[in-house]
Amino acid sequence: MKEQTLGLLSAVGLLLVAAPVAAHHSFAAEFDIEQPIELRGTLTRMELVNPHGWLYIDVENPDGTVTNWAVEAGGTTVLLRRGLRKTDFPAGTEVIVNGYRARSGEPVVNGQSVTTPEGRNFFLGGTGTGGPDGR
Amino acid sequence: MSQQIFAAVTTLTVVFCVLLLAPGPAGGQAFWREDTPKIPMAASWLAEKAELPPYNPPRTADGVPDLQGVWGGSGGDGLSYLEEHEYVDVTTPAQESFVSDPADGKIPYTPWGLAKRNEILAGLGRGWPGESGERLYSSPSAFCLHYMPRFSLSALEIVQRPGSVIMLGEEGYRVIPTDGRPPISEEAKFWFGNSRGHWEGDTLVVEVTSLNGRGWFDSTGHYYTENTRMTERWRLADENTIDYEVTFVDPTVYARPWTMNFPRRRPGTGPNMRGGRITSAVAANAPAFEDPYAGEIWEDACYEGNREGPASLRALGYKWFRGVTPPQ
Amino acid sequence: MTDREAISYDLLAVSITGGSPVRHWFLRLMFGLAAICALTPMPSVGQTTATTPYTPLRTVDGHPDLQGIWQVVNTAAWDLEAHPASLGVPAGHSVVEGGAIPYQPSALAKKKDNFEQRATLDPETKCYLPGVPRITYMPYPFRIIQQADKVSIAYEYLRAIRYIYMNGNPHPPGPIDWWMGDSRGRWEGNTLVVDVIHFNDQTWFDRAGNFHSDALHVIERYTPTGPDHLLYEATIEDSNVFSRPWKISMPLYRRQEANSELLEYQCPAYLLEQEWDNPASTLFDEH
């Protein structure tokens, strides 16, 4: 029984790419896939909410001023299930964001990948140990 | 609890969360690759169903078929686009139609109804071919609103009690009285309508009236009205599959009744979509992990967290969808 | 035995013995026992006496059956403490044990601020999830559904659903900021005890500005007191805001109408529609 249970548990990863629930929002109405962008900045705030988590990063402009960008990420519950918490993402952390700009022209991006300067996935790497027991 | 029962409960619920996770490999918007194989839907399911032997379902203590348990939803592209289509963009992969009748897989709108549908489609502002360039409406689901029939297309847990069939979902639920009581007056309209169920042989038949016509079937603006009546049929096709069928009747916008079909599978059974996805900001290729809370649904609070989306759509000039008003 | 019962006993004895008073000790004993049994109301399943607690029916899992549609009938939704009437607000007694909520001094000042600005600050005005215990005493019905691994409470208000897990899992580790917290349940006798933590600080307890921090810890108790009544109690702890734990209690009444069902209150839909075309709306302001 236990082997069977563990076998199914390890299949969770495969099933994570199984058929999704209905999409919450119209990505294409809000964001423009013809406007990819890369941003480098430091984290000022993070909101672990649904339907999308949000990172807010200070990005230095070429003229030396700073703009605070909002980066839309994935839903938060999956991060919570993996043991990640808001305390794993302290302000000041450096991030690199690749994504698509909002059609409105506001400093808002739909984040496709968010990494640390070392190249680790920002969400799964975090500043904790990153494993299920890492807090 | 005995070891066997514990393992059985764990087995049954261990991947419950997966079916109810936000779309995408690890949450968030699903982004699809262009080479994703065409996702099967009504036509493939009906072909599979035709080959199934007759099935005698287990019964509850009340003597009715036992449909209880956790069931996957329609799957596929997350209700992006109901009719058959090829790859359109990263949120809309190729997929068969949900519609089985009429045979061409298209909702049989009246001429007025079709013009209205095309008007909505042309005003989505998503950069799709044929758009007018004007922004009209976005899907009500973008505002975290919940409604029928969309709720019925999601993963859910069925619980049966004397006189009721209860459907528990990630954010919401539905209670279907089966005690023979009449529906509420049609003067009272609801996002979920008003449901009444009864058994016909091994099939749970649910009549849904009092719909308010404000919801969309999908993200492209296929719509119904406050005159629409739905009839659902839920039946166990085999021990791990529910045969779900729903028929819509509305002479004010549909030239004739039309029907959708798809199967619902217990977690871990039946074919599942694999691959085809691009990464999203919460990693695609995350390794599997043991989740002791896998059988639990955790808070979504979509509306509470959905701050930027509605503000952005409003700033872009979208209008609020109030349903369509067919001519008399 | 009461006088009335004693007379009945004598009449019974006389009728059986054909007129002669019963003298044999054994027959007296038997008649006495029979009289006591016939004349003393015995608590059976589903009944209450003044001194014995109610014994509810049981589910197939052997637990007390609390299932059905319930609703409060009081003014807690407006104000947990005793309050006068005002336009649109009914007067009410306090549902707080001891009467007053034991705020720390600085928190009491914030409560008063909240009250003054409740028309704009109350999260209910934005159709947000009301948290626990407020969702229990919103003036809308809810339905309790019991299964082996969980108790589900389905609320008409916002079509909210709470899953109270009883599967052996502890609370997941924090910090987690949920509107409705994380609920874990257990049985103590006939009482469903629900432990709730992992709240955010965004909800209020009522429309009068009573509030909490994200350290909130709520312990709910649902106890059947009769076939159509539950006693609902909630103990509230929050060391950031209150000087000690405090408790509310109120009956839950089973809805009696044959056509009773949960309809819907999709508040966000009504609010968004109203505000969408209002150029002066503040609902969509960036935070």
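**View 1. Ser281(C) counts as partly exposed because it has 14 C-beta neighbours inside 10 Å.** A residue is called buried if 20 or more other C-beta atoms lie within 10 Å of its own, exposed if 12 or fewer, and partly exposed in between, with C-beta atoms placed from the backbone. Ser281(C) belongs to the segment after α5 of chain C. Helices (H or I, at least four residues) and strands (E, at least two) are DSSP runs, numbered from the N terminus. Thr75(C) is 206 residues away from Ser281(C) along the chain, and the C-alpha atoms of the two are separated by 30 Å. This is a predicted model, in which local features need pLDDT of at least 70 and side-chain atom pairs count only at pLDDT 80 or more, while totals for chains, interfaces and linings use all residues. Residues are numbered from 1 along each chain as its sequence is written, and chains are lettered from A and ligands numbered from 1 in the order in which they are written.

**View 2. Chain C has five helices and nine strands.** Along the sequence, the elements of chain C follow the pattern α-α-β-α-α-β-β-β-β-β-β-β-β-α. Of its 287 residues, 33% count as buried. Two residues are in contact if their C-beta atoms, placed from the backbone, lie within 7 Å. Among contacts in chain C between residues at least 6 apart in sequence, 53% join residues at least 24 apart.

**View 3. Chain A contains five helices and five strands.** From the N terminus on, the order of elements in chain A is α-α-α-β-β-β-α-β-β-α. Chain A has 135 residues, of which 45% count as buried. For contacts in chain A between residues at least 6 apart in sequence, the share joining residues at least 24 apart is 55%.

**View 4. Helix α6 (residues 308–315) of chain B has the buried residues Glu308(B), Gly309(B), Pro310(B), Ser312(B) and Leu313(B).** These buried residues pack against elements of chain A, namely α3 (27–30), β3 (66–72), β4 (94–102) and β5 (108–115), together with α5 (267–276) of chain C. Gly317(B) follows α6(B) and has a positive phi, near 100°.

**View 5. Six strands of chain B form an open sheet in the order β2-β10-β9-β8-β7-β6, with antiparallel pairing.** Two strands pair if DSSP finds at least two bridges between them. At the edges are β2 (99–101) and β6 (194–200) of chain B, each of which pairs on one side only. Neighbouring strands of this sheet are turned by 25° against each other on average, direction ignored. Axes are lines fitted to C-alpha atoms, for helices over the stretch in contact, and angles run from 0 to 180 degrees between N-to-C directions. Within the sheet, β8 (residues 229–238) and β9 (residues 241–249) of chain B pair in the antiparallel sense over nine bridges. Thr231(B) has Thr247(B) in β9(B) as its bridge partner. Helix α3 (residues 42–50) of chain B lies across β2, β8, β9 and β10 (258–265) of chain B and runs at about 65° to β10(B).

**View 6. Four strands of chain B make an open sheet with the order β1-β3-β4-β5 and antiparallel pairing.** Its edge strands are β1 (69–71) and β5 (172–177) of chain B, and each pairs on one side only. From one strand to the next, the twist averages 20°. Strands β3 (residues 156–161) and β4 (residues 164–169) of chain B run antiparallel and are joined by five bridges. Opposite Val159(B) stands Ile166(B) in β4(B).
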